[in-house]
Amino acid sequence: LIGIALFLTHLARSKKSIKQLRNSYPDYFMSKNKITLEDHIDVKSVFEKIKTKYKSQPASTEDGLKIEFDNDWVHLRTSNTEPIIRIYAESNFETTAQNIAMRLIRDIQECIV
């Protein structure tokens, strides 16, 4: 409810329609994917290999592994309820987000073979 109240307050102060307010912000696209894991896979080792491969990029290991690329990013994290790695990528362009996700999926597959 607090989020709704903050949004409505911001909308009222801006004196814009919802559409005008939305159009004042850039577009971002997210690609959501997942890889199913076998029982024997050491995810920490996989994440370390990926982090090493992209060592020139800023990275965070606070919740899985998040790697930043200029204006884009990808976040890899394990599920708490399923044996999977979730891959979230975000970019200004839909195809770029999808390409980043697919590149990381290939990288992960190379690490677990």
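**A walk through the predicted chain**

Aspartate 107 counts as buried, because its relative accessibility is 5%, where buried means under 20% relative accessible area, exposed means over 50% and partly exposed lies in between (1.4 Å probe, protein chains only). This residue lies in helix α4, and helices in this account are DSSP runs of H or I with at least four residues, while strands are runs of E with at least two, numbered from the N terminus.

Residues are numbered from 1 along each chain as its sequence is written, and side-chain values use heavy atoms, with hydrogens and water left out.

Seen as a whole, the protein chain has 4 helices and 5 strands, and their order along the sequence is α-α-β-α-β-β-β-β-α. Because the radius of gyration of the protein chain is 18 Å, well over the 13 Å that the globule rule gives for 113 residues, the chain is more spread out than a compact globule; this radius is taken over C-alpha atoms, and the rule is 2.2 Å times the number of residues to the power 0.38. Along its principal axes, the C-alpha trace spans about 55 × 30 × 20 Å. Of the 113 residues in the protein chain, 30% are buried. If we take the contacts (heavy atoms within 4.5 Å) between residues at least 6 apart in sequence, 51% of them join residues at least 24 apart.

The structure also holds 4 salt bridges, each defined as a side-chain nitrogen of Lys or Arg within 4 Å of a carboxyl oxygen of Asp or Glu. One of them brings us back to aspartate 107, whose side chain meets that of lysine 53 at 2.8 Å, N to O. This pair links distant parts of the chain, since aspartate 107 is in helix α4 (residues 94-112) and lysine 53 is in helix α3 (residues 43-53), 54 residues apart. Leaving aside neighbours within four places in sequence, aspartate 107 is in contact with Ile50, Lys53 and Tyr54. Between aspartate 107 and glutamate 62, by comparison, there are 45 residues in sequence and 20 Å in space, C-alpha to C-alpha.

Another salt bridge joins the side chains of aspartate 63 and arginine 77, at 3.1 Å, N to O. Here too distant parts of the chain are linked, for aspartate 63 is in the loop between β2 (59-60) and β3 (65-69), while arginine 77 is in strand β4 (residues 72-78), 14 residues apart. Aspartate 63 is partly exposed, with a relative accessible area of 39%, and arginine 77 is partly exposed at 23%. A further salt bridge is formed by arginine 86 and glutamate 82, with their closest N and O atoms 3.0 Å apart; arginine 86 counts as partly exposed at 22% relative accessibility, and glutamate 82 counts as partly exposed at 34%.

Glutamine 98 is partly exposed, with a relative accessible area of 32%, and, not counting residues up to four places away in sequence, it touches Ser31 and Asn33. Although glutamine 98 and phenylalanine 29 are 69 residues apart in sequence, they are 8.9 Å apart in space, C-alpha to C-alpha.

Notes. Predicted model: local features only at pLDDT ≥ 70, side-chain atom pairs only at ≥ 80, totals over all residues.
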